[in-house]
Amino acid sequence: MSVQDKVIRIIAEQALLEPSDVSVESTLESLGIDSLGLVESIFAIEEEFDISIPFNANEPQKSDFDISNVASIIAGIEALIAGQQG
Amino acid sequence: MKRVVITGAGTINALAHNVPDTLKAMAEGRCGIGALVMPDVERLAVQIGAQVQGFEPESLFNRQQLSLYDRFTQFTLIAAREAVAQSGLSFSGELAARSGVVLGNSGGGMTTLDENYRSVYEEGKNRVHPFVVPKLMNNAAASHVSMEFNLKGPSFTVASACASSNHAMAQAFQMVHGGIAPVMVTGGSESMLCFGGVKAWEGLRVMSKDACRPFSANRNGMVQGEGAGIFVFEEYEHARVRGAEILAEVAGFAMSSDAADIVMPSKQGAARAISGALRDAKLNREDVGYINAHGTGTAANDKTECAAVADAFGAQADKLMISSTKSMHGHLIGGTGAVELLACIMALRDGIIAPTIGYEEPDPECALDIVPNEAREAKVSAVLSNAFAFGGLNAVIALRKL
């Protein structure tokens, strides 16, 4: 399973949707994921990929980790994985 | 209904081990937050906290007591000794039979839990100390206070997360106000600064890694503290007849529940508690000169709290002072309202308003007079202390100068 597929599976589970209902353009808000859901998704992603995501719920916009949509989340995870391997 | 006054106060927290030194630290705007010292701290993402320093329980309690007192009970007893000594009360006969102790606490004996989980899970031991349960139970502190001071009336522990001690003090007030008890020992304590406690908070991603900056635009979360604040609430005539020194009058309180979200605060719920406290205390908006804010330093709390104060006070919100002393002593969770009540007493008695330290950048969504960085001299005759807990449980207490 690719990074994208895994992320979509995690987000779909959080949003109580089928993976097919989640696209890379989807925003968390459009999927009905609130701040608690976001923190839970980040936890699930960290566990899945064994990475540490720099995210503080007090200043999500200041974080280097872009959560504006599913594509940006996937890009952020790929960068973190690459950073860990490098 | 009977009037209720405070005739004793005690504390131990990251700023100091007693009330006079704590008030001095608050007046100086000193910060009790620093690098955490605990086993495995390198495995924590959040490595700062407001720990009680220079604390030697072995010099204060004997071996048998130490085997029964978790850190939160130790803190409670130290603060209770100071409070009861200041009140000058000793409890016997009818007074003992009717007086009790109601304390706030959220996590109970977290250090005891942490140490014993470590020993059975990590070290693989199959046997624990026989007193683990009586040591970690949330009511252990209240029970030990009852035993040490011979308080035989209504006694129990209240748990409502960050509002625990305000709920407890409101309950104690109610007991004295309604004539059930002539004296109640009340307040709260917390000791969650152990590896498991900080790890749990870390998970929520609301903790700051550098400082607690309530109301400042660049704030990035809360910082945990530990300690206790204990008070003697006494029926006014009882205190007057014996010539006790009165620190302040407990004028009233209100509680409300948001019934909305398990972590996100609600402006309406907070505003209802604030307005309710004013009504219960028969205070007009313009009577209140100072509010000790809940002021956790999280984005969610600070904006909501300022909006709630603006709602409840209308134009008067711009004239009062509101500060968060959590910037100095950290967030004591179930004990926080009790330590913060000390700042309220200082405002009424000494005319010193404790500052919100660590303040760097104005936030248009927190545009109240938050007494930035330096204490201020001001005469105030009535104050409020806010507490808004996870779970949407709110409790606001009103004090008046007497």
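This is a predicted model: local features need pLDDT of at least 70, side-chain atom pairs count only at pLDDT 80 or more; totals for chains, interfaces and linings use all residues.
**Entry 1**

I looked up how α9 and α15 of chain B sit against each other. Two packed helices are described by the angle between their axes and the distance between the axes, so I noted both. For α9(B), residues 164–177, and α15(B), residues 336–350, the axes come within 6 Å and cross at roughly 75°. Angles of 65 to 115 degrees count as roughly perpendicular, so α9(B) is roughly perpendicular to α15(B).

Next I asked myself: which residues make the contact? On the α9(B) side I found B:S165, B:N166 and B:M169. From α15(B) come B:T336, B:G337 and B:A338. Sorted by class, that contact has four polar residues, two nonpolar ones and no charged ones.

**Entry 2: B:A161**

I then turned to backbone angles. Most residues other than glycine have a negative phi. I found B:A161 in the loop between β5 (155–158) and α9 of chain B.

Is B:A161 buried or exposed? I counted it as buried, because 20 other C-beta atoms lie within 10 Å, and the cut-off for buried is 20 or more.

**Entry 3: B:V371**

Here I noted another positive phi: B:V371 is at about 50° and is not a glycine. Where is B:V371? I traced B:V371 to the loop between β11 (352–353) and β12 (376–377) of chain B. B:V371 is buried too, since 24 other C-beta atoms lie within 10 Å.

Conventions:
Residues are numbered from 1 along each chain as its sequence is written. Chains are lettered from A and ligands numbered from 1 in the order in which they are written. Axes are lines fitted to C-alpha atoms, for helices over the stretch in contact, and angles run from 0 to 180 degrees between N-to-C directions. Helices (H or I, at least four residues) and strands (E, at least two) are DSSP runs, numbered from the N terminus. Angles under 35 degrees count as roughly parallel, over 145 as roughly antiparallel, 65 to 115 as roughly perpendicular and the rest as oblique. Two residues are in contact if their C-beta atoms, placed from the backbone, lie within 7 Å. Ala, Val, Leu, Ile, Met, Phe, Trp, Tyr, Cys and Pro count as nonpolar, Asp, Glu, Lys and Arg as charged, and the others, Gly among them, as polar. A residue is buried if 20 or more other C-beta atoms lie within 10 Å of its own, exposed if 12 or fewer, and partly exposed in between; C-beta atoms are placed from the backbone.
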